[in-house]
Amino acid sequence: MTRNLLLTTATAVLVASGSMLAAQDTHPVTGEPLAESQVFKYRLLDQFPTIDPQLIEETAGGHVARQLFEGLLTQDAEGSLRPGVATEWSSEDNQTWTFKLRDNAKWSNGDPVTAHDFVYAWRRAADPATASEYAWYVELTQMKGAKEIIAGEAATDTLGVKAIDDHTLEVTLNQPLPYFPQMAVHYTLMPTHQATIEAHGNDWTDPENIVVNGAYKLAEIRVNEFFRLEKNPEYWGAEDVIIEEVVGYVINDANQALSRFQAGEFDMMDDLPAGSYPDLEEESPETAHATPRLCSYYYTINQSESGHEALKDVNVRKALSYAVRRDVIVDQILQAGQKPAYSFTHWATADFELPTIDYSQLSQDERMAQAMELMKEAGYGPDNPLELDLIYNTSENHKQIAIAVSQMWKPLGVEINLSNYEWQSYLDIRGNQQFDLARSAWCADYNEASTFLDLLTSNNANNDGKYVSEEFDKLLDEAAKADDPQPLYTKAEEVLARDMAIIPIYHYTQNFVLNPEVRNWPMENAENNWYVRDLYRVAAE
């Protein structure tokens, strides 16, 4: 039997002393003097398209949703599960899961948060009428009926989730899944307020309409400029929350953003200017940080009917990948501990053994020689050049990498047209297969290899290159049922490399700068799931 109870020791300490936070000038646990103004400000690279949990498809919106909404479970500073709305979770067989909900959870309008809110949200995520880009995630949880609902073959009320009573949620899966609770952390499975959505439709997330259950509520937003959150007094743990206000600034230019950070305009930024980390670490070791991050950077190859004919040739795809000098990208351009990638799944993923991919064992000169030969076999080369379009979302780092890679491809007779787009346009263009090659990255939704590999299954809505392999799909299906999926994951990575489904480039680290006055940042959370409610500001020295 799997059972988890309410409080970790650290949480218990904070809860016991939380009611004193607002009245004290020092932190009740650490004794540190607190700053008079408890505001946390950070920089976003792009404007998030939505903060509707069932519609979010990217990390910027996910970070905001984590402050506004609370799912059944959350994560602590190490990435371990901790209670959210649920105080206990248990299963006898890893197939039927029961979650006990706290009785003091409220929406920001004072309504109680109940098991029915989760049933509504999860059905909404699976409902084809919602058109969620993450409907596939509901299916990935192995929730009973999800596949049929998403396909439009069954009613949403057949989904394997039900409210036993207001404070008991039961989830039934098609097969045992021991890591289902980890998946329940994701924003797609956060609750949403049915009455508000039905009353306001697409406008329900506007500041004047939105009803949330997280530690903060949306106070103000100016698209492509900033947003502001305020502490939610109805949040069940409000007495423990020290930061009173959160402000996010949208700044596309990384160099401008770093200058503004150094001028003290905000407290945290990631996606640092390429090559800046070594100097930042040397000059301000208390400010610059590099931690593991479960994200992989790659180029998506459009293999759909709208894609370039040449990219349907595996020899061309392999040649493009072989010619990428990954060491140059990570060691000379980025310079922040990233590792070259020849497989998709990040090396730091829990219980994952990085497979040995054949072409990764060659020297770069050997890879380049093979790339030249492969292009020749495909009928292309300097005497018969190939022209391709490569798109990326606006970022100096993405631009530098794209320029470098396009130069690496020139000896193959490949001419690259580069185009950058703001975030929403980029997502639309990539999602509608209006490209040849596209800058892409995938960050883990939970800490297990399937969070990467399932992206490239044929039925995944986020498989923007439309790679299709019955063999790969079968391996992932078998892995979901296996007691030990690792051998199947190894085979799956080998299939991706054989087909060159994508062009892996590097595995991330999380490189960022953080104002030392902001304390309790979750440095060991490899999924980069941070909750402002855990943070606090100390008084300036």
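Which residue's side chain meets that of Glu32 in a salt bridge? Arg519 does, with 2.4 Å from N to O, a salt bridge being a side-chain nitrogen of Lys or Arg within 4 Å of a carboxyl oxygen of Asp or Glu.

1. **Ground rules.** This is a predicted model, in which local features need pLDDT of at least 70 and side-chain atom pairs count only at pLDDT 80 or more, while totals for chains, interfaces and linings use all residues. Residues are numbered from 1 along each chain as its sequence is written, and side-chain values use heavy atoms, with hydrogens and water left out.

2. **The opening pair.** Glu32 and Arg519 link distant parts of the chain, 487 residues apart. Glu32 sits in the loop between helix H1 (9-18) and strand E2 (39-44), and Arg519 belongs to strand E19 (residues 518-519). Helices (H or I, at least four residues) and strands (E, at least two) are DSSP runs, numbered from the N terminus. Glu32 is buried at 18% relative accessibility, whereas Arg519 is partly exposed at 28%. Buried means under 20% relative accessible area, exposed over 50%, and partly exposed in between (1.4 Å probe, protein chains only).

3. **Other salt bridges.** The structure holds 18 salt bridges. One of them joins Arg430 and Asp464, 2.9 Å from N to O. Arg430 is in helix H14 (residues 423-431) and Asp464 in the loop between helix H15 (450-453) and helix H16 (470-481), so this pair ties together parts 34 residues apart in sequence. Both partners are buried, Arg430 with a relative accessible area of 13% and Asp464 with 9%. Salt bridges that share partners also join Glu220, Arg228, Glu230 and Glu245 into one network.

4. **Helix H14.** Which residues of H14 are buried? They are Trp423, Tyr426, Leu427, Ile429 and Arg430. These residues lie on the same side of H14, because they cover an arc of only 165° around the axis, taken from the directions from the helix axis to the C-beta atoms. As background, an α-helix has 3.6 residues a turn, so residues three or four places apart point the same way. The cover over the buried residues of H14 includes strand E15 (386-393), strand E16 (414-421) and strand E17 (437-443).

5. **The ends of H14.** Glu422 caps the N-terminal end of H14, with a side-chain oxygen 3.1 Å from the backbone nitrogen of Gln424. Just after H14, Gln433 has a positive phi of about 55°.

6. **Glu58, a residue to look up.** Glu58 is placed in the loop between E2 and helix H2 (59-68). Glu58 is buried yet has no salt bridge, and the nearest side chain of opposite charge, Arg439, is 9.5 Å away (Lys and Arg count as positive and Asp and Glu as negative; His and the chain ends are not counted). The side chain of Glu58 does reach the backbone nitrogen of Gly61 at 3.0 Å. Leaving aside neighbours within four places in sequence, Glu58 is in contact (heavy atoms within 4.5 Å) with Phe48, Pro49, Tyr187, Trp423 and Leu427.

7. **Gln175.** Gln175 is found in the loop between strand E8 (168-172) and helix H6 (180-183), and is buried at 11% relative accessibility. Beyond its neighbours within four places in sequence, the contacts of Gln175 are Asn94, Gln95, Gln142, Ala480 and Lys481.

8. **Aromatic pairs.** Rings of Phe, Tyr and Trp (its six-membered ring) pair if their centres lie within 6.5 Å; planes under 30 degrees apart count as stacked, over 60 as edge-to-face and the rest as tilted. The count comes to 33 aromatic pairs. Tyr134 and Trp442 are stacked, 6.2 Å centre to centre with 10° between the planes. Tyr134 is buried at 2% relative accessible area, and Trp442 is buried at 7%. Tyr342 and Tyr359 are edge-to-face, at 5.4 Å and 80°, and both are buried.

9. **An aromatic cluster.** Phe40, Tyr42, Phe48, Phe227, Phe512, Trp521 and Trp530 form one aromatic cluster. Phe48 is also one of the contacts of Glu58.

Notes: Polar contact = N/O pair within 3.5 Å; in protein donor to acceptor, adjacent residues only side chain to side chain.
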